[in-house]
Amino acid sequence: MEKRPLGTQGLVVSAQGLGCMGMSEFYAGRDDAESTATIHRALDLGVTFLDTADMYGPHTNEALVGRAIRGRREEVVLATKFGNVRGADGAFLGVNGRPEYVRSACDASLARLGVDVIDLYYQHRVDRTVPIEETVGAMSELVTAGKVRFLGLSEASPATIRRAHAVHPISALQTEYSLWTRDPEEGVLPACRELGIGFVPYSPLGRGFLTGRFRRLEDLPEDDYRRYHPRFTGENFRKNLDVVAKVEEIAREKGCTPAQLALAWLHAQGADLVPIPGTKTRARLEENAGALAVTLTAADLARIEAVAPKGFTAGPRYPEAAMRALNG
C-alpha cells in the first residue's frame with residue numbers, strides 16, 4: 001500500500017488506516033481473536049496506521065491493540081487519543097484537557113499499549129474550560145520527553161486549530177468526514193490545508209450505513225448503539241437509505257462495492273486525506289483496502305455529487321448531547 005505524509009513534520013502513514021474502536025465497544029459482536037487476526041492481516045496488507053483511544057472499551061481497546069502489535073511494533077504507526085474521560089463502569093465523566101491530566105492519560109495509554117512511544121497523540125475532544133494553549137503546551141512536553149512523536153486534534157474548530165498550531169505544530173486533524181457528513185468542507189478542511197495539517201476522516205463509511213448492509217433497523221443487534229443513532233432511526237433511516245441505493249447503483253457499474261466507492265470518493269478529495277475505516281473482521285478489512293484500486297473519473301465524481309449532494313443526510317451526526325461537545 002502506498003504511504004502518505006500527514007502534516008509537514010515528517011509523519012508518514014499508510015494511505016488508508018484501520019479504526020479499531022468497534023473491536024471493543026459500541027458495535028455489537030465483540031470477538032478479540034478475530035479482531036487480533038484483523039490487525040495482523042492489516043499489517044500484512046500494509047495498512048499500518050492504527051487508530052484507538054483510551055475511552056474505547058473503556059480502556060480495553062488500547063490493551064487489545066497493544067497485544068496485537070506485540071512483536072511487530074516497528075511496522076505500526078500508532079495513534080491514540082485522550083480527553084474523553086470515562087469511569088471503569090463505562091460512565092462518561094466529561095472532557096478533560098488540564099495539563100496534569102494530559103500527562104497522566106499519556107502514561108496510562110503507554111502502559112495499556114505496552115509501548116515506549118505513541119506515534120500520533122490526539123486530543124479527542126476540546127475542553128472548553130481549559131485554554132487550548134495550556135493543553136497543547138502539555139502535549140508538546142510529551143514530545144520533548146520522547147513519549148509522543150506527533151500531535152493531533154479531533155473535532156476542533158478552525159479557530160482552535162490555529163491557536164493550537166501556534167503553540168506546537170499539529171500534524172493531523174481527525175473528524176468525521178464522508179459522503180454523508182461533509183461539514184469539514186466548510187472551514188476545518190480549508191484551515192488544515194492552509195496550515196499544512198493532514199486530515200484523518202473517521203467514520204468514512206457513515207458508521208457502516210454507506211456499505212448498504214442495513215436495510216431495516218432490525219438488521220442491527222439490540223446492543224449496537226447505532227439503533228439509537230439519529231440517522232439510523234425513524235423517517236431519517238428511510239430517507240438516507242434512498243440515497244444509498246443510488247450510490248449502490250454507481251458502485252455496481254464501477255465493479256466495486258458501495259464501501260469501496262465511498263472510500264474512493266474520499267481518496268479523490270485529496271492526497272492529504274487518510275481515512276480510517278473501522279472493522280473487526282478480515283473480510284471487511286480486505287474489502288476496504290480494495291478501495292485504493294478504484295479510480296473515479298471527473299464524470300464519476302459529478303454523478304456521485306448529483307445523487308448524494310452535500311447536505312443530503314437526514315438527521316444530525318450525533319445525539320443532541322454529543323453534538324454539543326463537537327467543534328470546540
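How many salt bridges does a search of the whole structure find? The search finds 32 salt bridges, each defined as a side-chain nitrogen of Lys or Arg within 4 Å of a carboxyl oxygen of Asp or Glu. This is a predicted model, in which local features need pLDDT of at least 70, side-chain atom pairs count only at pLDDT 80 or more, and totals for chains, interfaces and linings use all residues. Residues are numbered from 1 along each chain as its sequence is written, and side-chain values use heavy atoms, with hydrogens and water left out.

**Salt bridges**

- Asp-51 pairs with Lys-81, the closest N and O atoms being 2.6 Å apart. Asp-51 lies in strand 4 and Lys-81 in strand 5, so the pair ties together parts that are 30 residues apart in sequence. Helices (H or I, at least four residues) and strands (E, at least two) are DSSP runs, numbered from the N terminus.
- Both Asp-51 and Lys-81 are buried (under 20% relative accessible area; exposed is over 50% and partly exposed in between, with a 1.4 Å probe and protein chains only).
- Arg-284 forms a salt bridge with Glu-287, with the closest N and O atoms 2.9 Å apart; both residues lie in helix 9. Arg-284 is partly exposed at 33%, whereas Glu-287, at 16% relative accessibility, is buried.
- A network of salt bridges links Arg-182, Glu-185, Glu-186, Glu-305 and Lys-310.

**Strand 9**

- In strand 9 (residues 148-154), six of the seven residues are buried.
- Strands 8 and 9 run parallel and are joined by five bridges (pairing requires at least two DSSP bridges).
- Leu-120 has Phe-150 of strand 9 as its bridge partner.
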